[in-house]
Amino acid sequence: MGLIEALGRRLFKSYITDLRRSIGSEVISEMLKMVRGRAIYPPDNVETYIDKGYLFNPVVYSIVSFIAQKAGAIPWGVYEVKNDKALQLYKSSNTYNLATKIVKTKALVALPTHDLNELFLRPNSLQGWSDFFEQYVGFKKITGNSYVHLIGPLSGNNAGMIKEMWGIPSQIIKPVAGDRYEPIRGYKYLTSENLIPANEILHSRYWTPEYFNGQNLVGLSPLRAALRLVTKSNASFDSSVSAFQNQGAFGIISAEKETDLTEEQADMIERKLMKKVGGPDNRGKNIVTSASLKWQQMGMSPVDLNIIESDRMDLRSLCNVFHISPELFGDSENKTYANVKEARGAAYTDAILPECNSFRDALNLRLKGKYEGKIYIDYDASMISELQDDLQMMASALKAVDFLTMNEKRDMLGFAADETNPLMNDYWIPAGLVPMSASTVTDAQLEEEEKKLGL
């Protein structure tokens, strides 16, 4: 490079730098005054919860997918109400043990031939029940809202009956406010002006304390409360990846002696350094140079930054947000249950079954009076191993229960009813038991026995 060319480049670079500084420095300075020293968070909206939460953060994905997939595996069916009081008692239970089963048996009887059962096998033409309900729970956990379009005849003898159920992504539909007599007038897709009647949409949402500007019509996303936590967790993962890719090297290389490096020399050293030792493929390689250089460390290793411990705390905090134990996601140092089965059982009672209860109550409210008889939609948690009491313990407990038939006891233990033997639908009581009033011995009986014995 000639002297004139080098001088020209330097003057042009200095001119551009001064021009940028004079134009933008005051504007940028004023803008940064508002946020200087503050943490910067992504926008607080549904798209952020999805893009930066479920789709981007592995901890959020693990927790939400665990809850949604487990909920989707629970079967549903149609029942007939036998005892309203027992039904209310059954609905108030937050567990599914032997006592819950006994109350459910008194309250409900299954209707396996009811037409509505088809809906819980194939709710629509694209999904089976497991996929449908996983989507329902997943959207609610991520966005705080789940929308289901209930499709059926609008007139005639079958008006109000449901033939299909379609889940609607929470980010493409919004409620339209009405008045105090009809708080939600209907729903609209973001790309359409057509109003969907409110009675066609099953909208399940989490409670929110915000009641201004119609915020109470949409649910509060758990990830909104955890937005700072998710942002911190994402930054922690980014920091770890960057440290591994760059081998934790962050510092300044300068001349050892009182000799200044030219810009070309500095660029050349930086390029060679990145080429030879930068990136995970070059881990452990050395670089040799005849130049007299010195290194000034500027960053800290992931261990020094406590990134590993920070990740563990983020996991625990996010598990708390979703009401689930971090033991299920590899946090063995924070054990609060005796074994994995107990932790999984707590996940069902604290995080999974509440979602089933919410959907059950909302759907039964919509179906009330639409079908003949007192039908009731409910899930069957009897086959969830984590919620089952020990079989031997259950059999011993049921042995002393006289107000259940043998077939009801078989159902409690997970066996099919024996309809070939009518005695299995009868009540059995232990032989030799008599009422207390019949056990009293009179004086006349005593005297007669004394005469027989010659006393």
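Helices (H or I, at least four residues) and strands (E, at least two) are DSSP runs, numbered from the N terminus. The exercises below concern a predicted model, in which local features need pLDDT of at least 70 and side-chain atom pairs count only at pLDDT 80 or more, while totals for chains, interfaces and linings use all residues. Residues are numbered from 1 along each chain as its sequence is written, and side-chain values use heavy atoms, with hydrogens and water left out.

**Exercise 1. Describe the surroundings of Asn407.**

Step 1. Locate the residue: Asn407 belongs to helix H13, which covers residues 406-412.

Step 2. Classify its exposure. Buried means under 20% relative accessible area, exposed means over 50%, and partly exposed lies in between (1.4 Å probe, protein chains only). Asn407 has a relative accessible area of 5%, and therefore it is buried.

Step 3. List the contacts, where contact means heavy atoms within 4.5 Å. When neighbours within four places in sequence are left aside, Asn407 is in contact with Ala417, Asp418, Glu419, Met424 and Asn425.

Step 4. Look for a polar contact, that is, a pair of N or O atoms within 3.5 Å; within protein, one must be able to donate a hydrogen and the other to accept it, and residues adjacent in sequence count only if both atoms are side-chain atoms. The side chains of Asn407 and Asn425 are joined by such a contact of 2.7 Å.

**Exercise 2. Examine salt bridges of the structure and the exposure of their partners.**

Step 1. State the criterion: a salt bridge is a side-chain nitrogen of Lys or Arg within 4 Å of a carboxyl oxygen of Asp or Glu. The structure holds 10 salt bridges.

Step 2. Take Asp378 and Lys104, whose side chains form a salt bridge at 3.3 Å, N to O. This pair links distant parts of the chain, 274 residues apart: Asp378 is in strand S11 (residues 375-379) and Lys104 in helix H5 (residues 98-107). Asp378 is buried because its relative accessibility is 0%; Lys104, at 8%, also counts as buried. A network of salt bridges links Lys104, Arg360, Asp361 and Asp378.

Step 3. Take Lys232 and Asp314, whose closest N and O atoms are 2.7 Å apart in a salt bridge. Here too distant parts of the chain are linked, with Lys232 in helix H8 (residues 227-245) and Asp314 in helix H10 (residues 307-321), 82 residues apart. Lys232 is partly exposed at 41% relative accessibility, whereas Asp314 is buried at 2%.

Step 4. Take Lys188 and Glu193, joined by a salt bridge of 3.3 Å, N to O. Lys188 is partly exposed, at 25%, and Glu193 is exposed, at 66%.

**Exercise 3. Determine the strand order of the sheet that contains S1, and its pairing.**

Step 1. Apply the rule that two strands pair if DSSP finds at least two bridges between them. Strand S1 (residues 76-81) and S2 pair in the antiparallel sense over three bridges; Glu80 has Val109 in S2 as its bridge partner.

Step 2. Give the order: the open sheet of three strands runs S2-S1-S11, with antiparallel pairing. Strand S2 (108-110) and S11 are the edge strands, each pairing on one side only.
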